[in-house]
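Trainee: Could you go through this model with me? I would like to ask about a few places in turn.
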Amino acid sequence: MRRDAVIERLASRELDVLVIGGGIVGAGVAATAARAGLDVGRVDKGDIGGATSTASSKLIHGGLRYLRLGDVGLVRESLHERRLLTRIVAPHLVRRLPFVFPLYRGGPYGPVTIQAGLVLYGAFARSRLHRLASPERVRERVPSLRLDGLRSCGVYADATTHDGRLCLANVRAAEAADAAVLNYTDVRELRTLRGRVTGAVLVVDGETVEVSARTVVNATGPWVDVVRRLEEPSAAPTVRLSKGSHVLLRLDEPWTAALTIPHDKVRVSFAVPWEDMLLLGTTDTLFEGEPADVEATEAEVAQILAEASVAVEAELLRADRIRSTYAGLRVLPLGDGATASARRETVFHLGSAGMLTVAGGKLTTYRRIALDALSMLRPQVGLHRLDGRPFPLPGAGDPADIAARLAHRWPDLDRSVQMHLAHHYGTAAEDVLAPAGQEPDLLRRLHPDGPDIVAQVVYARDVEWARRPDDVTNRRTTVALRGLADAEIVARVDAVLRGDLPAPTRA
């Protein structure tokens with residue numbers, strides 16, 4: 001639906017649910033509500049997934065370390081949701097991967113403790129890939145594993161994802177169920193009638209738009225307390241923020257397993273093969289600044305590289321191998337103590353005027369969070385039954401089968417590009433490539449060192465709400481994370497977004 005038509009729709013009817021926030025929680029609530037037959041609007045002041053939801057550790061996991069923290073229920077629920085995401089909801093976007101837990105002499109854990117944890121984790125996951133393995137055998141999967149002092153390794157399974165595209169797929173599911181979707185839309189104030197929230201006043205492209213809604217959901221992540229003060233100006237904080245920084249490195253030799261590196265009885269860090277690079281992180285420190293200003297500092301990058309060196313050979317961790325860095329903010333319940341030991345609970349808060357605030361939790365459990373939020377709103381929206389069964393997101397399918405179909409239809413397209421499109425778009429990869437039948441230049445790579453092609457920019461513009469170059473380079477493709485979003489690439493993307501013919505790529 002065209003942007004002007006969406007604006008007109010929002011202004012001309014009463015919604016059942018207005019969702020404020022474009023991250024994974026807001027996207028999940030919007031998709032679930034729209035599929036339940038509710039009239040839904042979803043708005044965000046920035047881009048879809050423009051903050052925390054594209055700055056995660058890219059993991060869909062139960063969280064082995066949460067067993068140590070006593071969050072057994074969270075681990076069980078997370079592993080259940082991981083199973084649904086990999087099998088039904090988004091098999092193209094969520095990839096299972098072996099994880100290795102190295103046990104070094106003098107480390108915080110011994111083989112007996114880890115073996116017990118793996119048995120419990122495997123039981124919750126309904127998986128047999130949870131065992132101890134020799135360093136030599138693990139080295140076949142992790143070529144840069146540091147062997148000095150390595151006694152043994154625990155091996156278990158979890159999964160990775162492209163978090164931004166998972167968020168986007170949920171927004172597309174919401175739109176497919178007739179939700180009205182807008183990005184770059186400010187909420188100036190909440191509308192109230194007799195002490196109850198009845199909608200919001202939006203600013204869209206410089207114009208004021210009044211929206212009526214039976215209920216409003218505040219799913220704005222790090223900004224939830226800012227939006228809560230539109231309802232209650234004197235509202236006390238309900239959350240605190242934890243900063244997680246990450247580093248992406250060039251990876252010359254493929255890894256077929258990830259590392260979970262223990263640093264003490266509470267903290268671990270990860271070294272994860274992701275998009276043909278190595279993703280390192282994360283930090284976990286209290287953040288009290290402006291959320292929009294969060295970025296990885298030099299000190300945090302140095303910390304991440306140092307922590308990775310516990311289990312990764314130094315040659316791979318040279319500073320000149322860094323492709324990019326980024327940081328995101330976790331939303332945690334208020335509490336004392338270090339953020340690393342804080343429980344990853346979801347915060348639900350029903351305001352005095354009826355606005356529901358939802359924050360925190362895990363990327364892995366976003367679907368469950370959405371269902372819980374809607375359950376709380378059932379009386380207000382007249383929802384008699386809420387179907388909790390998982391549904392496939394747009395594009396859901398087996399990426400190997402999809403890549404095979406692309407190879408048959410587009411035999412001249414490089415295999416790496418075929419696989420890239422299959423994993424990022426699933427069955428919609430055919431739609432991404434369709435315009436290239438008339439315009440072959442759309443098959444050109446945006447940069448010779450990456451698999452993203454010009455057709456993805458056109459698709460982002462026409463289907464995925466992209467309005468600015470960084471919407472494409474940072475969230476809908478992997479260009480920026482690969483360190484390839486230089487001025488020339490940004491200018492090329494901007495030209496395509498404006499409707500100009502794509503310029504030829506660099507040789």
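Trainee: Is Arg-482 buried or exposed?
Mentor: This is a predicted model, and in it Arg-482 has a relative accessibility of 4%, so it counts as buried, the cut-off being under 20%.

Trainee: Where does Arg-482 sit in the chain?
Mentor: Arg-482 belongs to the loop between helix 15 (469-476) and helix 16 (487-497).

Trainee: And what does the side chain of Arg-482 make a polar contact with?
Mentor: The side chain of Arg-482 makes a polar contact with the side chain of Thr-478 at 2.7 Å, and the Arg-482 side chain also reaches the backbone oxygen of Glu-275 at 3.1 Å. Leaving out residues up to four places away in sequence, Arg-482 touches Glu-275, Met-277, Arg-323, His-420, Gly-450, Pro-451 and Asp-452.

Trainee: Let me switch to Arg-228; which helix is it in?
Mentor: Arg-228 lies in helix 8, residues 224-231, and with a relative accessible area of 4% Arg-228 is buried.

Trainee: What is Arg-228 in contact with, apart from its neighbours within four places in sequence?
Mentor: With those neighbours set aside, Arg-228 is in contact with Asn-218, Ala-235, Ala-236, Pro-237, Thr-238, His-349, Met-355 and Thr-357. As for Asn-218, 10 residues separate it from Arg-228 in sequence, and the C-alpha atoms of the two are 7.6 Å apart in space.

Trainee: Now salt bridges: how many does a search of the whole structure find?
Mentor: The search finds 34 salt bridges. One of them pairs the side chains of Arg-3 and Asp-205, at 2.9 Å from N to O. Arg-3 lies in helix 1 (residues 3-12) and Asp-205 in the loop between strand 9 and strand 10, so this pair ties together parts that are 202 residues apart in sequence.

Trainee: Which of those two is buried, and which is partly exposed?
Mentor: Arg-3 is buried, with a relative accessible area of 18%, whereas Asp-205 is partly exposed at 45%.

Trainee: What about the salt bridge between Asp-158 and Arg-82, how far is it from N to O?
Mentor: The side chains of Asp-158 and Arg-82 meet at 2.7 Å, N to O. Because Asp-158 is in strand 6 (residues 150-161) and Arg-82 in helix 4 (residues 72-89), the pair ties together parts that are 76 residues apart in sequence. Both Asp-158 and Arg-82 are buried.

Trainee: Back to Asp-205: where is Arg-467, which meets it in another salt bridge?
Mentor: The side chains of Arg-467 and Asp-205 meet at 3.6 Å, N to O. Arg-467 is in the loop between helix 14 (454-462) and helix 15, while Asp-205 is in the loop between strand 9 and strand 10, so the parts tied together are 262 residues apart in sequence. Arg-467 counts as partly exposed, at 41% relative accessibility. There is also a network, in which salt bridges that share partners join Asp-47, Asp-470, Asp-471, Arg-475 and Arg-476.

Trainee: Strand 9 came up there; how many bridges join it to strand 8?
Mentor: 8 bridges join strand 8 (residues 185-193) to strand 9 (residues 196-204), and the two strands run antiparallel. Val-187, for instance, has Leu-202 in strand 9 as its bridge partner. The two strands form a hairpin with 2 residues between them, and in the turn Arg-194 has a positive phi of about 50 degrees.

Notes: Residues numbered from 1 in each chain as written. Predicted model: local features only at pLDDT ≥ 70, side-chain atom pairs only at ≥ 80, totals over all residues. Heavy atoms only, no water. Helix = DSSP H or I, 4+ residues; strand = E, 2+ residues; numbered from the N terminus. Buried < 20%, exposed > 50% of the residue type's maximum accessible area, 1.4 Å probe, protein only. Polar contact = N/O pair within 3.5 Å; in protein donor to acceptor, adjacent residues only side chain to side chain. Contact = heavy atoms within 4.5 Å. Pairing = 2+ DSSP bridges. Salt bridge = Lys/Arg side-chain N within 4 Å of Asp/Glu carboxyl O.
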